[in-house]
Protein chains: 2
Amino acid sequence: MLRTLAAGASVCSIYMFKAGSYQLRAESQYMAEPLTSAADMAKSSTLMRVRMEKFIMSLQGELCKAFLEEEEKGEWRVDRWTREEGGGGITCVIQDGHVFEKAGVGVSVVHGMIPPAAVKQMNARGKNLPEGEEMPFFACGISCVVHPRNPHVPTMHFNYRYFEVEESSGQKRWWFGGGSDLTPYYLDEEDGKLFHTTLKTACDKHDKGYYAKFKAWCDEYFFIKHRNISRGIGGIFFDDLDSPGIEECFAFVQDCGNSVIPSYLPMIRKNKNKGYGYAERQWQLMRRGHYAEYNLVYDRGTKFGLYTPGARIESILMSLPLNAKWEYMHTPEPGSKEAKLTEILKNPKDWV
Amino acid sequence: MLRTLAAGASVCSIYMFKAGSYQLRAESQYMAEPLTSAADMAKSSTLMRVRMEKFIMSLQGELCKAFLEEEEKGEWRVDRWTREEGGGGITCVIQDGHVFEKAGVGVSVVHGMIPPAAVKQMNARGKNLPEGEEMPFFACGISCVVHPRNPHVPTMHFNYRYFEVEESSGQKRWWFGGGSDLTPYYLDEEDGKLFHTTLKTACDKHDKGYYAKFKAWCDEYFFIKHRNISRGIGGIFFDDLDSPGIEECFAFVQDCGNSVIPSYLPMIRKNKNKGYGYAERQWQLMRRGHYAEYNLVYDRGTKFGLYTPGARIESILMSLPLNAKWEYMHTPEPGSKEAKLTEILKNPKDWV
């Protein structure tokens, strides 16, 4: 959703971020200058929009640093871009690395007037905002997709976002949304359990009902209807979270964001040097074809972004894999590891 | 569109078609048993639905034979499938050949009740059919996408179809649609001219205004809005053709279909053994990424098919390339051949 609002984007700074050069930015844990100026941040430090921006900037920095420690070759390309209508983003991408075939961590902090089409889309999912009028909005979020090279390391995606709109009556509305999900190419029960258990722990701290609800929502959301399979083995997904209160929601979203590294990094370390052959690579590429299909055909944020004139397409489509494959009538051998994964994708299971 | 109606499809015959085995079917120019039985065909031989089915079956046979003569390794996989609701199709695919990385020629001949959603989509483009009721329909068509391995051979796509519906008043409506378009990876002016000139000759025989109108329609239709580039260098595209009369329309569509081989085969022969390197292959793969984007995000037939429960997904998605690539922020070197092609994709030119 956020990504969609980056209309008329222009890139104003690009640099490469290597492990060795991290010291250069040691004064800051951020990957680039925040979109909101230091002066404005200081002035409004108690506002949620500022607190959330600081949180996602820190999380982006931590993730980029942690992922880079796993990479033997490669560096983050950091693009800081702004949009004419207000705000911008910081898109960090590693491409063609030894460990990460393609990985992106993007932050966006945008504001301006929300177009009526976006209001309509929000109301379609029950938001009940006044239609036909442009409303001032603020949105910030972090979005990440990691496509590792080794087929034994799953693809991971997460996104956490905060939204504010102001109705013409002057009433302000806010909500959080997001989620985190895993797409393995080969099933490793231990990885699946680690991922889901870490998320459940974060959820349980806030509401004992969250995990079951958001896990089911995730399975439903990341479903490739035309193939009758899930994109992956799920995780959590939620939207329009505005209760019990803004502090509670923010605390929950922070715990979710902070769960990314413990839920995923261990499986990179464990699997990144495992041996694999041509057949495993081909299977991974075909599953990446399904991933691209999902993102281009169903994903709300991607679709809405593509239809928004002037959006920063490269930031929206950074989620697509570096390589993908479509083989006509491919069917995994019965009893194979590929067939076993397909079975799970057709029948989402309980992981905790 | 046609492809979308293949709900509840099941494959009832599969075989491989090699050059050497062509004699086996010498009694017929067809790739498989037609969907309509020989008895029904003989009984209704003057009906347009039967004449069109015979034409597309012959064209499929001719194309498969002609393409196979260019292939050094590979064979057509022929899948004859039927749908519960009536009719079926014959999907022929070569995959991972020396010349054709992936090529598909599909025929479908389907009938049954047209779902209200499809009527709505047709009315959105001005068909003015009665809404909210299921109508009996018949549709048949041929669809083909060729993704050659050598980046100096363009990708080619065409589709020609015939549609009949019967309103509850008893009134019958019919129309033809289709088109043919070319997607080069490197610009060869001679190839572009051959393709467009051959199509213009076919058009001019029937209406001096057709080529200009259908060329513009093609440029508009195959446009990747979010990238602000065309999918390729166009060709012709038309829909809802129902004048001046059914005989004239059929004659025109036959001439279009018969133009495929002369408009495309020479560039396969000329370019299939040209040398190319890693950089050319990478560029081809990235452009194939754009091709996949177009088909998944915009193409009417593909989209509608994907949203139709039970459609034969493998026949719908045979148009996707075997391999595709998405490189973050790829920009061709100024002045390079890749930049030259991109320029043409941004500003469609006149070819004749």
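# Briefing on a predicted two-chain model

The axes of helix 4 (residues 189-204) of chain A and helix 5 (residues 210-221) of chain A come within 8 Å and cross at roughly 130 degrees, where axes are lines fitted to C-alpha atoms, for helices over the stretch in contact, and angles run from 0 to 180 degrees between N-to-C directions. Helix 4 of chain A and helix 5 of chain A are therefore oblique to each other, given that angles under 35 degrees count as roughly parallel, over 145 as roughly antiparallel, 65 to 115 as roughly perpendicular and the rest as oblique. This is a predicted model, in which local features need pLDDT of at least 70 and side-chain atom pairs count only at pLDDT 80 or more, while totals for chains, interfaces and linings use all residues. Residues are numbered from 1 along each chain as its sequence is written, and chains are lettered from A and ligands numbered from 1 in the order in which they are written. Helices (H or I, at least four residues) and strands (E, at least two) are DSSP runs, numbered from the N terminus.

**Helix packing**

- In chain A, the residues A:L199, A:K200, A:C203 and A:D204 of helix 4 meet A:Y210, A:Y211 and A:F214 of helix 5, a contact being a pair of residues whose C-beta atoms, placed from the backbone, lie within 7 Å.
- Sorted by class, this contact between helix 4 and helix 5 of chain A has five nonpolar, no polar and two charged residues, with Ala, Val, Leu, Ile, Met, Phe, Trp, Tyr, Cys and Pro counted as nonpolar, Asp, Glu, Lys and Arg as charged, and the others, Gly among them, as polar.
- In chain B, the axes of helix 4 (residues 189-204) and helix 5 (residues 210-221) come within 8 Å and cross at roughly 130 degrees, which makes helix 4 of chain B oblique to helix 5 of chain B.
- Helix 2 (residues 48-70) of chain A and helix 6 (residues 246-258) of chain A have axes that come within 11 Å and cross at roughly 5 degrees, so helix 2 of chain A is roughly parallel to helix 6 of chain A.
- On the helix 2 side of that pair in chain A are A:M48, A:R51, A:M52, A:F55 and A:L59, which meet A:I246, A:F250, A:Q254 and A:G257 in helix 6 of chain A; by class, the contact has six nonpolar, two polar and one charged residues.

**Strands of chain A**

- Strand 5 (residues 135-148) of chain A is mostly covered, with 12 of its 14 residues buried, where buried means 20 or more other C-beta atoms within 10 Å of a residue's own, exposed means 12 or fewer, and partly exposed lies in between, with C-beta atoms placed from the backbone.
- Strand 4 (residues 100-114) of chain A runs antiparallel to strand 5 of chain A and is joined to it by 14 bridges, two strands being paired if DSSP finds at least two bridges between them; A:K102 has A:H147 in strand 5 of chain A as its bridge partner.
- Strand 5 of chain A also pairs with strand 6 (residues 155-166) of chain A in the antiparallel sense, over 10 bridges, and these two strands form a hairpin with six residues between them; A:C144 stands opposite A:F158 in strand 6 of chain A.
- Six of the eight residues of strand 10 (residues 234-241) of chain A are buried, so this strand is largely enclosed by the rest of the structure.
- Strand 7 (residues 172-183) of chain A and strand 10 of chain A run antiparallel and are joined by six bridges, with A:D181 standing opposite A:G235 in strand 10 of chain A.

**Where the chains meet**

- In the contact between the chains, 23 residues of chain A touch 23 residues of chain B, and the largest share of the chain A side, four residues, comes from helix 8 of chain A.
- The residues on the side of chain A that touches chain B divide into 15 nonpolar, three polar and five charged.
- Strand 11 of chain A and strand 11 (residues 323-325) of chain B pair in the antiparallel sense over three bridges, and B:K325 in strand 11 of chain B is the bridge partner of A:N323.

**Symmetry**

- A rotation of 180 degrees with 0.0 Å of shift along its axis superposes chain A on chain B, with an RMSD of 0.0 Å, the copies being superposed by least squares on the C-alpha atoms of residues with pLDDT of at least 70 in both.
- This is the relation of a two-fold axis, and the C-alpha in chain A nearest the axis is that of A:A324, 2.6 Å from it.

Conventions
Contact = placed C-beta atoms within 7 Å.
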